[in-house]
Amino acid sequence: MDTSIHAVAEILRSSAVVACLTGAGVSAESGVPTFRDAQTGLWARYDPQRLASPQGFAADPGLVWRWYMARLAGVEKATPNPGHLALAEMERHWPGFALITQNVDDLHERAGNTNIIHLHGSIARFHCQRCGTLHNLQAAERTAPQPPRCATCGGNVRPSVVWFGETLPQSSLTAAVNAVSACDALLVVGTSGLVYPAAELPLIAKRAGSRVIEINPEPGPLSALADVTLRGRSGALLPQLLGIGD
Ligand code: BV8
Ligand code: ZN
């Protein structure tokens, strides 16, 4: 095992409370494309930040709806990778292990984590853009060219994710700030550290005296504040930290 893995294992061994912040990179090895990856095929010419916004939805509800239905199908086909499974093992190892995620997929749930804080909502839940009424997706709506209409007010139904320009659910953000402020060590896995306010959490942890561990094949804005950085894929590195990997 290389030294930095040793350094991280030592930090984790001496930590009573561990928390984790994940981004799209933790789902990459499950075949769910990250935001940073060029959008595949049909979506290559669209900017995800434009599509994932109220303005984008207002401008072309059908285009945004079809983008989410394509992503939802990809998430449902995906399965948790060894990185997800290692994080579920960590929850068994450290009671109170808080898993804060920017991801809108349910792969952490399917891997077995139960203490999950979703900062950006869920791609598998839907509500009316106008009145907020919850909506159960019908099979035929998955291939419809336009979003369904709300049964209550006739407004457009949208995915219950947080779009750019929308505020995060206050309860989730508060829970996340509390979790990173109370932990001895924070694992920051598979996030570009570009999206706020999620990107603020490692700094809050650091200021509260936590050790910050970055796991990412690429350096980024969060690398400077990490106590230890593991340069590599989460699917390979996370299991090693538990000695359960290859
Ligand atoms: C808000 C749901 C109040 C939708 C998403 C302060 C400063 C600057 C800008 C702002 C700011 N405050 C607000 C903003 C504006 C904006 C923002 O942050 N813009 C950025 C781009 C500059 N933030 C907001 O609008 C937020 N709202 O703050 O409200 C407000 C409003 C307006 C103005 C001021 C204040 C709402 C943000 C939430 C947006 N919704 N998702 C959907 O998914 O469709 S964010 C979306 O992007 C995903 O959740 C995704 O998680 C995220 C991208 O970040 P990452 O998860 O890090 O993924 P990414 O693709 O970027 O990177 C992948 C990483 O994985 C890479 O580092 C890669 O190296 C690594 N990787 C790849 N493979 C692997 C790997 N790592 C490990 N293993 C591997 N195998
Ligand atoms: Zn409605």
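**Exercise 1.** Determine in which sense E4 and E6 pair, and over how many bridges.

*Solution.* Step 1: strands, like helices, are DSSP runs numbered from the N terminus (E, at least two residues, for strands; H or I, at least four, for helices). Step 2: two strands pair if DSSP finds at least two bridges between them. Step 3: E4 and E6 are antiparallel, with five bridges; Phe126 has Pro159 as its bridge partner in E6. Step 4: E4 is also joined to E5 (residues 134–135) by two bridges, again antiparallel, and here the partner of Phe126 is His135. Step 5: five residues lie between the strands in the hairpin of E4 and E5, where Gly132 has a positive phi near 85°.

The model is predicted: local features require pLDDT of at least 70 and side-chain atom pairs pLDDT 80 or more, whereas totals for chains, interfaces and linings use all residues. Residues are numbered from 1 along each chain as its sequence is written, chains are lettered from A and ligands numbered from 1 in the order in which they are written, and side-chain values use heavy atoms, without hydrogens and water.

**Exercise 2.** Identify the protein donors of the zinc ion (ligand 2) and classify its site.

*Solution.* Step 1: donors are N, O and S atoms within 2.8 Å of the metal (3.2 Å for Na, K and Ca); water is not among the atoms, so sites may look incomplete. Step 2: the SG atoms of Cys128, Cys131, Cys150 and Cys153 qualify, at 2.2 to 2.4 Å from the zinc ion. Step 3: the spacing of these donor residues in sequence is C-x2-C-x18-C-x2-C. Step 4: four donors count as tetrahedral if all angles lie between 85 and 135 degrees; the four donor atoms here give angles of 100 to 119°, and the site is tetrahedral. Step 5: for burial, under 20% relative accessible area is buried, over 50% exposed, and in between partly exposed (1.4 Å probe, protein chains only). Cys150 is buried because its relative accessible area is 7%, while Cys153, at 28%, is partly exposed.

**Exercise 3.** State which strands E7 pairs with and how its residues are covered.

*Solution.* Step 1: E7 (residues 185–189) has five of its five residues buried. Step 2: Ala185, Leu187 and Val189 point one way, Leu186 and Val188 the other. Step 3: E1 (residues 18–22) runs parallel to E7 with five bridges, and Cys20 is partnered by Leu187. Step 4: E8 (residues 211–215) is likewise joined to E7 by five bridges in parallel, with Leu186 opposite Val212. Step 5: from E7 the chain passes through helix H9 (residues 201–207) to E8 in a right-handed β-α-β crossover (clockwise from the first strand over the helix to the second, with the strands pointing away from the viewer).

**Exercise 4.** Is Glu91 buried or exposed?

*Solution.* Step 1: Glu91 belongs to helix H6 (residues 82–93). Step 2: its relative accessibility is 15%, so Glu91 counts as buried.

**Exercise 5.** Find how many residues of helix H10 are buried.

*Solution.* Step 1: H10 spans residues 234–241, and seven of its eight residues are buried. Step 2: among them are Leu237, Leu238 and Leu241.

How values were computed
Four donors count as tetrahedral if all angles lie between 85 and 135 degrees; four count as square planar and six as octahedral if opposite donors are over 155 degrees apart and all others between 65 and 115; anything else is irregular.
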